[in-house]
Amino acid sequence: MFEVVIGLEVHTQLNTKTKIFCSCSTSFGDEANTHVCPTCLALPGSLPVLNKEAVRKAISFGAAVNATINKRSVFNRKNYFYPDLPKAYQISQFEIPIVEKGELFIDVNGEKKRIGITRAHLEEDAGKNIHESGQSLVDLNRAGTPLLEIVSEPDLRSSDEAVAYLKKLHSILRFLNISDANMQEGSFRCDANVSIRPKGDSKLYTRVEIKNLNSFRFIQKAIDYEVERQSAAWEDGKYDEEVYQETRLFDTVNLVTRSMRGKEDSAEYRYFPDPDLLPVEIPEEMYNEAIKIPELAEQKVARYERELGVKEDDALILTSSVETAKYFEELVEAKISPKLAVTWLIVELLGRLKNGATIETSPVNSAKMIELLRRIEDGTISAKAAKEVLDYLMENEGSVDAVIEKLGLKQVSDDSAIIAIIDQILSANADKVAEYKSGKDKLFGFFVGQTMKEGKGAFNPAKVNELLKEKLG
């Protein structure tokens, strides 16, 4: 039996407006090579100037993972040649990163497991190589985009733990608002270092790096395949022959890893301090401001349970994204009952979002939902009618009140109209009235049901109950 040893390196793009060493825009998806300047292109004489906002965001991350934040850190040159790196070196941090010795906790079989974070350092991203129609092109719009590389300890023991760690990390970055962490756009990318060892052995064996994984599903599949490949090699007596330090890519079609190149070590990168950049000295005022971080998902879950009486499972859904938590809190701040807000957000609204729609793109925003729930609470419409209104608003424009009028869903609270129906029902069911008065209390529900049926759902249930009680004595 083998034990799996996994360490993860995550590159997350910080959501600054400009690049880390120049004033070019970090905008995504624009025409190739339109956000470049002499610094991005490494033209002679151009010099880097550090983006203060990138430093502030790195400090916030360090505070969120209980890390040591180095108030003095250094930028280095990491030397390698590739077409998407015009300088032939990357500006990164090596000996003294801005953040080190952090931690976060994941749930494993109902218990909290600590995963160490070795370091988180600032660096610049490379450009993008495009291979098509028999030619290779390079887009340098992304070159110089600020990255925070977050390196875990080899504390993960399965692909499930790896995904749980990444989801927790993803959530922290989003709730801190330091990265959009959009995996499809490459602003949250993961390299997985995977090795195996006999159970009970404390030695670390040869690790293989799987490069540039950009979905939780592919991360899990890649790790599982690599564990299976290494285990089979060991059992077949071919471990030393087939498992060696290398970088592999994951084939997302065939779900296998393939050799890419031999893995470089730090000596091959020939790190040395960048002579164009002074050491980073963090002012006390900036440090104190940056460590004031917002409430994270885990803290929100605890507060929702404690203060609002929300069940844990519901609280976890509400904090599954920043946008969902914000939507819920806007409902509660508008004095909507937390119980009603939970039901209508989780069951009704999320249940209606289809075809990749999210809470952000929902046609019913929090303001419109507040308007709808107020009409339930003030008795203007029933909960059943509110579902019809919501269905309509998911497909059409309009205010809640206008849709209620259009669909004729307004509840009748007029005493005379309801009393007229009640009198008819009691007259037509004189035998049941007598039974009720002789002690068969359960028949009260029959009278309510008949009245609501005759009112075609338009009668206010509370008013129906009140008037029936008066009539039946």
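This is a predicted model: local features need pLDDT of at least 70, side-chain atom pairs count only at pLDDT 80 or more; totals for chains, interfaces and linings use all residues.
Start with the overall layout. The protein chain splits into three stretches: domain 1 covers 2-288, domain 2 covers 297-407 and domain 3 covers 415-472. Going by C-alpha atoms, the centres of domain 1 and domain 3 sit 69 Å apart.

Now for the second largest pocket, which holds about 1,200 Å³ of space. Its lining counts 43 residues, and those that lie nearest the pocket centre are K167, K168, S171, A297 and T319. Several elements give two or more residues to this lining: β6 (99-108), α2 (159-176), α7 (297-308), α8 (312-318) and α9 (322-333). The largest share belongs to α2, which puts in eight residues. Sorted by class, the lining of the second largest pocket comes out as 21 nonpolar, ten polar and twelve charged residues. As for where this pocket sits, domain 1 (2-288) and domain 2 (297-407) each supply lining residues, so the second largest pocket lies between the two.

On the α11 side, the contact is made by K368, E371, L372 and R375, while α13 brings V400, D401 and I404. In terms of class, that contact of α11 with α13 has three nonpolar and four charged residues, with no polar ones.

The other pair is made of α15 (residues 430-437) and α16 (residues 443-454). Here the helices pack at an angle of about 140°, and their axes are 9 Å apart. From α15, the residues K432, V433, E435 and Y436 meet L443, F444, F446 and F447 of α16. By class, the contact of α15 with α16 divides into six nonpolar and two charged residues, again with no polar ones.

Key. Residues are numbered from 1 along each chain as its sequence is written. Side-chain values use heavy atoms; hydrogens and water are left out. On a 1 Å grid over the protein atoms alone, a cavity is a set of points where a 1.4 Å probe fits but cannot get out, and a pocket is an open set with protein on both sides within 12 Å along at least five of seven lines; lining residues have an atom within 4 Å of a point. Grid points are joined across faces, edges and corners, and a volume is the space filled by probe spheres set on the points. Helices (H or I, at least four residues) and strands (E, at least two) are DSSP runs, numbered from the N terminus. Ala, Val, Leu, Ile, Met, Phe, Trp, Tyr, Cys and Pro count as nonpolar, Asp, Glu, Lys and Arg as charged, and the others, Gly among them, as polar. Domain bounds come from an automatic or database domain assignment. Contact means heavy atoms within 4.5 Å. Axes are lines fitted to C-alpha atoms, for helices over the stretch in contact, and angles run from 0 to 180 degrees between N-to-C directions.
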